[in-house]
Amino acid sequence: MFRFTFVKRMSAPKKKNDKKQVSDFLKDSPADKSERISGSEIFRAASMKNETTRRVLGFLLLAFSFILTISFVSFFFSWKSDQSFLADGDWDLFKENQGEVANVMGLMGAKLGYFFVHNGFGIAAFFILPYLVLSGMYLLLDYRPFSLLRILIHSVLFMGWFSLFLGFAFQWWFPLLGGTFGYFGVQQLQNGIGIAGTVIFLITFAVLYSFIFLNANPFVKLMRKTENPDSSPEIEEENLEVKQTPKSQSSIFEPQIIEDDFEDSPFVNEDEPVADPFEKTSPEIEEPEEEEFEEEEPEDEVETAAIQPQPKIEASFKIEDLTQDDEELLEVNLADVQSGTEYGSIDSEYDPRADLSGYRFPTLDLLKEYDTKKQEIDVAEIERSKKLIEDTLGHYKIGISTIMASVGPTVTLYEIVPAPGVKISKIKNLEDDIALSLAALGIRIIAPIPGKGTIGIEVPNRNPEVVPMRAVLASKKFQENDFQLPVALGKTISNEIFVADLAKMPHLLMAGATGQGKSVGLNAILVSLLYKKHPAYIKFVLVDPKKVELTLYNKIERHFLAKLPGDGDAIITDNQKVIHTLNSLCVEMDDRYKLLQDAMVRNIVEYNSKFLKRKLNPQNGHRFMPYIVVVIDEVADLMMTAGKEIEIPIARLAQLARAIGIHLILATQRPSVNVITGMIKANFPSRIAFRVTSKIDSRTILDGNGADQLIGKGDMLYSGGNDMIRLQCPFVDTPEVEDIVDFIGEQRAYPTAYILPEIQTDEGKGGGGDFDSSDRDPMFEDAARIIVQNQVGSTSMIQRKLKIGYNRAGRLMDQLEDAGVVGPNLGSKPRQVIIPDEIALEQFLQTLD
């Protein structure tokens, strides 16, 4: 929507019945209003004189100015003594203080001085006071020697410049003399344009400020005199008279209008001054006889237009009213042009789903409804198990006060309250004996249960219950949650649906032996996100070294998948492409953090909220950021073949990518320490363990025992930090996943998959292999000696040792590679040094000469 304004000349109507005309104007349609008068004139006509409110407000402004002045002055002498009261950010002025406030205005004065002077503009904060004082005098005494708008502009500009000037001039002696704004503003300027550039910027701003706002350009005045040497004093005097405007009609918010042309206007009363913007508008207007405005052309339109501003009429009109020239200047929506809709201010939020507005989410009918009824509780079986547990513990003289049972889909939890004086460790050591007496597989003892004063014994059910994916997704807990990335993980022991937020995890580590449900768990996570999120809000990077687990998702490539530019298949199966993709995600992460810095927000939620409200300009590089979920099905194979080249980008993403919406899901069959290294493990607080083969693997993935005692087939332990929860993973079969991706793939899609940033690979780096000794750098031999002495091919080391810039150090490294001193670029690792020692280097340099 756009707002158009046009200027229309009209003569002043007759004086009588003026209030009736104002009333009719307020009741007319917008089109009729636009034909008659501008909004600013209505404001002036409808405003009333409330002298009490006006003078009270003026007095309060003057009093506040006086308080600020005393607070600022006192702050410079008392800030050290009051430091303990200022850093907490608490504005409760009446709390009990530990000590006496030294500021003359008390705690309020100390807080005001700290906010405006220390955290604001330093000494330059005093330039706030002239505007407050003049505004108060205008409201209280009707005294305004200067335009308040000009005073406000001068105060803000000079306050900012003076703060930067003080921050620059005293940064080595008293850095906060210019306040926080001046100190950090100068630091940013020096980082961007250097010290010399900062000096030029401050001087240029001061000169331009003097020329533009203070009319202090003597060259312009001299040019005017030389161009008009014969201009008489009478003409200059006449021009001055034309430019002058009565004070009663000047306003900081309205254009100045010559009084002669509107002396009969119903909106200017000769007996009282013109209403100003600080007055309240009148709620009631009398309605005398109706009289229409009369339009007539002024006698001397050209001369009048040259010496005075025109009254404006703001109106919203249809696009077909534009002329051909106007249409060439404005870009409008074709659909709106054809429908003739009205244009106004842009107040609608940006909709990232507009490109795929007809997208339909998968329906629950695509998932199978398995013929598995909720198992009936076998009371006799539960009582028998209770009796066996009591007898087994009784053999070892361990008494039990009470025992309760909670039946879940896979296991039954028996909660035991031991008799007083019984050690928990004695019960925990009887795990195998209880399993023998119950003739059950996978007994697990929780001693004690977190949050309860009981000991838990988990016993597998004789007939485990399947948890269908359809039942979990249809649950109220999944449908009505407000998570950013909801993931349905299954049912707990108490038969409750468990839904987690991947955005808060923020990364997930999965491990499990072959055939224990790990691939089904990955599909359950992906299907949960496909059922909940629109393609505009989430993208997947799928890595499948086994080449068979995730290939089904190729059909939704242009809807949900992300890939490198030029790659054919979005499902990544080649290990070298995995390295490039992870490095590209690191570049994407850095780019997103730069956008967050420019937008002054902390995470992707705040950034996207600001972008949707059109507070960020796409022309400055801002864009809507979808979440990116990286799924690596078998990370052990990648670690074996690539090692550090995989570990470093994964660790970087795990450490930093949470705030900008990139989340990792790593799955492996072999959770050994050389696969899940300490660097990776430290940044994956959320973990899922299916059944593993040994206690060592269980401790590697969960930092505790238990995963080796699961019964398989989707039985898993989820650790979200401190607590461990036993869950039954929802079952989603391959045909169901295929039906879901077919349903999505048949719909309208984006032109391409989500393109990740392109990175420069090793092939294209370095020189061309033809070394020209005549064109080598004068420091070539010095750089070669440094590299060979340290046996480290590092560009930054050449830069430090030779005290040169990075560009020159990079050219030297390229020449060393072309000459055969160092090997090709190895990414984040140093280059290989080919020449072994200094003797061989000297012989090599002689052959070059």
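**Overview. Salt bridges in the predicted model.** The structure holds 26 salt bridges, each a side-chain nitrogen of Lys or Arg within 4 Å of a carboxyl oxygen of Asp or Glu. This is a predicted model, where local features need pLDDT of at least 70, side-chain atom pairs count only at pLDDT 80 or more, and totals for chains, interfaces and linings use all residues. Residues are numbered from 1 along each chain as its sequence is written, and side-chain values use heavy atoms, with hydrogens and water left out.

**View A. K555 meets E738.** Their side chains form a salt bridge at 3.8 Å, N to O. K555 sits in the loop between β10 (538-543) and α21 (557-560) and E738 in helix α28 (residues 734-745), so the pair ties together parts 183 residues apart in sequence. Helices (H or I, at least four residues) and strands (E, at least two) are DSSP runs, numbered from the N terminus. K555 is partly exposed, at 40% relative accessible area. E738 is also partly exposed, at 32%. Buried means under 20% relative accessible area, exposed over 50%, partly exposed in between (1.4 Å probe, protein chains only).

**View B. R623 pairs with E588.** The closest N and O atoms of this salt bridge are 3.3 Å apart. R623 lies in the loop between α23 (604-612) and β12 (627-632), and E588 in helix α22 (residues 575-599), 35 residues apart. E588 is buried, at 3% relative accessibility. R623 is partly exposed, at 26%.

**View C. E842 joins R785.** Here the closest N and O atoms are 3.1 Å apart. E842 is partly exposed, at 31%. R785 is partly exposed, at 26%.
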